[in-house]
Structures are given as C-alpha cells and as structure tokens.
Amino acid sequence: MPPYLHPQALVESEQIGDNTKIWAFTHILPGVTIGENCNICDYVFIESGVTIGKGVTIKTHVSVWTGVTIEDYCFIGPNVAFTNDLYPRSHRNPEMQERYFTSDDDSWYRAPTLIAEGASLGANSTILCGLTVGYYAMVAAGAVVTRDIKPFELVGGVPARHLGWVDKQGRKTLD
Amino acid sequence: MPPYLHPQALVESEQIGDNTKIWAFTHILPGVTIGENCNICDYVFIESGVTIGKGVTIKTHVSVWTGVTIEDYCFIGPNVAFTNDLYPRSHRNPEMQERYFTSDDDSWYRAPTLIAEGASLGANSTILCGLTVGYYAMVAAGAVVTRDIKPFELVGGVPARHLGWVDKQGRKTLD
Amino acid sequence: MPPYLHPQALVESEQIGDNTKIWAFTHILPGVTIGENCNICDYVFIESGVTIGKGVTIKTHVSVWTGVTIEDYCFIGPNVAFTNDLYPRSHRNPEMQERYFTSDDDSWYRAPTLIAEGASLGANSTILCGLTVGYYAMVAAGAVVTRDIKPFELVGGVPARHLGWVDKQGRKTLD
C-alpha cells in the first residue's frame, strides 16, 4: 500500500515508504527520506537531508533537524527536542557571519546525531547533538542526553545518568 | 452559546460543551468528550476516548493520549507532555507483536492517568502514566512527575519532589 | 524585501519587518510587532502585545505570551516554553474570579520577562516569568530558568545553575 498522507499534512518529499502514515499539520521538507511502515504523528517537522528508517514511530510536536539520523523501529516520544548546533546563536546576527556563512548560506557545521535501531526517546526528552543513542537504548521521559548512550542502556534525569539496562521490549533487566 | 471552533481547527468530535473555544491548528479526534467553558489553545492534539471536564484550560503544544482523564478546572501549561505507555517502543516493530497486537490492533495496555479537579501542570512538565495528580495540586514548570501527587501538593524538579503546599489560588501555604 | 509569509501561516499582524520569514502553521495574533530579518519557524504562536527585535531566530513549537519581550539577535530553540503567570490556575474556574477578572476580562497580572539582546535559549528549556535573561547569555538545552541570568552567563540544569561564561559566539570562556 502507498503511504497515507493526511489532507492537512504538508509533504514536500516523495521518498516516503509504503504503509507509512503522515498525520495532520505535519511538515516534511524536500530531500527527506522516510522508510516503510512508519507512523509520523501531528505537528512533526522534518528538515531536508534527514533519513528515517522503517517501522519508526514519531509522536506529536517533534522536530528532526538536518544532521539527525533515526534508524529502524525507533520510538520518538511527544515533544522530544533534537538539536544540531553545539553553540546555538541566531544566524541572522551579522556578528555570527564567520560561523554560519563562510562559504555559502548553509555551510555551517551541524554536529551529527544517531538514534540507533530500536532506541526509544521518552516524552519531552532533549537530545544534544554530536552523540549516539545506542541500539534499543531507552531515554526516560524528561531526560536531557549529553553523552553517548550504550546499547540497551536506560538513562534518565538532567543530565541523563545511567539507571540500568532494558531488553528489546523495554523492560528493566538485572544488571 | 455553542462552542467556538476556529476555522483552522480540525474537530472530529461533536461532544464539545457550550462556551468552549477550540483554537487554530488544534486536532480533536472522534470519541473525545470536552465539557463546557473550556479554552483549548493552538496545536493541541486530543486522542479518542479522552474525557475533559468543564472550565479546563489547555495551553499550546500539548497532546492528551487515550488513558488520560482531566477533571474540571485544571490548567495544563504549554508543551506539557502526557504519556500512556510505561515501556515505550515502536508499535511498528514486528518484535513487539506480542505486546501491542495480542487480540486486535489497538488492545495494548495503557497505564491510566488522572489529573484531578483544579490541578495545574506547569509549562513543559512531563507526566508519567499510571498515576494521579491530586485535587488542586501544582506541578512546577519543567518538572517530571513519576509518582502520585497529593491534593494541594506543590512539586518540582526531575524527578518531581515535594516543595510545599498551595491553596486553591495557587499560592504557597504554611506547612 | 517585504516579509515572506508561508501560505499555511496565519498572520494577523501587519507589523512584520522586512526580510522576516514566517513559516508554515505559525500563528501571529493581532498587535504583535516583529523586527526585520527574523526567522520564525513552524508551529510558533505569538500572543498580542509581544515585541520581538530584529535578526531573531525562533525555532519550532514555541509560544510567546503577552508579557514576554525578545530583543535583537536572540535564538529561541525548539520547544522552549515561556510563561507569564506565577501561580497558574484555569481562568475558567469561577473561584479564580478575583484574580483574573477584577476590572475586565483581561486585566490579570502578567509577570514580565525580558530576553535581552543576543541571548540563546536552548532546546526544550523553560523560562519562568518575572525575570531577565541577560545580554548574550546562554541557557543550556532542557534547563529550567528560575532567576535572573547575567550577561554572557551560561546556565543549565533544573533549576538552572551557573555553569560558566560564554562569548558572543557562544563558546565557553575562562572564568
């Protein structure tokens, strides 16, 4: 089955996989690739150049910026915030000319972020850039991730600290 | 007076009380019940089966999931995140078949959450599921609620800890 | 060049500066003033009476309430939450009549917030009201700001604590 695009969605990419659903008020820019069988909920913004695997769920009010990669079967909770600039300043400030406009208007350095296969990012968590959230890791709701997270690791808090380990189903395992 | 539905709102339920206002880009699914005299601001998503009392204010960028109940006169701040799955994984992952698809496509367990009469959830707070925020309790901005909150209790931080008590007006009282 | 208003934006103010871009699903109420050369991304809500300077970037899923002022060249990250009520309760509760409706429907006290020139608010940060974030200060992602922040100060955590100092480019300096 072809993807389902809600009539109120704004989808400017044609690289959307079969059986994927894109819901209302969601905005996908040109140059985005989304795999098959994903569920992209309302008010999601996905910027050019982003690749999203298959079977991914992205809940509401999430933006995925250039530099972020989301592998197969990830779960991205509501209001999760990604980033791509380690020292964010307004690009429209002429004093930032050197950082943001050295060769052309869009050449500035974006620190890449990888959300590896099966990882879950809890509601309202914040993911700093230049790091990896590992295979089937789980980030607790409201956590702020400031370092690499290991495969199957459970982290939470601000900044996110090690809380234990989980299995593929998301349940805590013995350490 | 009948409810006011902004022309850019997407309201798929007819169970909206008198004098309630639903603002732009807000999406109410079928099977939602909202009482009278509520104010539901822009970019709010409310999922099927949710019941919201009368006189409730929900600010912008909030999603209310199946399993969450909001009683009369609650205040839900901007970017508040609710949840309904204790071990969130993508439903689209075939390895999660047993958890999410045992009898039919939508039978999985949602841990219920009750926001009791008059409670306030501060801006950007996160509410884990399977718990109750008590009568006229107040959750500080940015808090992550991981346990039941008592009536009139004030909590804040990550995870949210006891900070004191408030009255109906929201002001701190002597302990 | 005149401002660019995306066809899916809802812009009810005419006080939008030259070269400013307003993106999809963004809602600007009447009585808002936005300077020149700003970038206001998708799903931003700006309430009546707000003034925003020139060269400001506001990322996605941000609401700016009456009482908040944003000076030139600020960067407001995705899902940042502002506030304007120190003791938030639902205005629709008749027991709040005295606080919210003493003279007319909209006379209640809003604690003012100033985001001074060049300041950056990181992704998913929360800004309490009645305070100032200083000139070129930087609030880390996920922080909850509960006090005044000094010029060039770097703060982070819940509640936000002093972490150091930054320069105009956002890089840490020696203390």
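In which sense do strands S21(A) and S22(A) pair, and over how many bridges? S21(A) and S22(A) pair in the antiparallel sense, over four bridges. This is a predicted model, in which local features need pLDDT of at least 70, side-chain atom pairs count only at pLDDT 80 or more, and totals for chains, interfaces and linings use all residues. Residues are numbered from 1 along each chain as its sequence is written, chains are lettered from A and ligands numbered from 1 in the order written, and side-chain values use heavy atoms, without hydrogens and water.

**View 1. A hairpin in chain A.** Strands are DSSP runs (E, at least two residues) numbered from the N terminus, and two of them pair if DSSP finds at least two bridges between them. Four residues lie between S21(A) and S22(A) in this hairpin. Look in the turn for Gly157(A), with a positive phi of about 95°. Val155(A) has His162(A) as its bridge partner in S22(A).

**View 2. The two faces of S21(A).** Glu153(A) and Val155(A) point one way, Leu154(A) and Gly156(A) the other. All four are buried, meaning under 20% relative accessible area (1.4 Å probe, protein chains only). S19(A) runs parallel to S21(A), joined by two bridges, and Met138(A) stands opposite Leu154(A).

**View 3. An open sheet in chain C.** Follow six parallel strands in the order S3-S6-S9-S12-S15-S18. S3(C) and S18(C) are at the edges with a single partner strand each, so one side of each has no neighbour in the sheet. Between S3(C) and S6(C) there are two bridges, and Gln15(C) is partnered with Thr33(C).

Methods. Buried means under 20% relative accessible area, exposed over 50%, partly exposed in between (1.4 Å probe, protein chains only).
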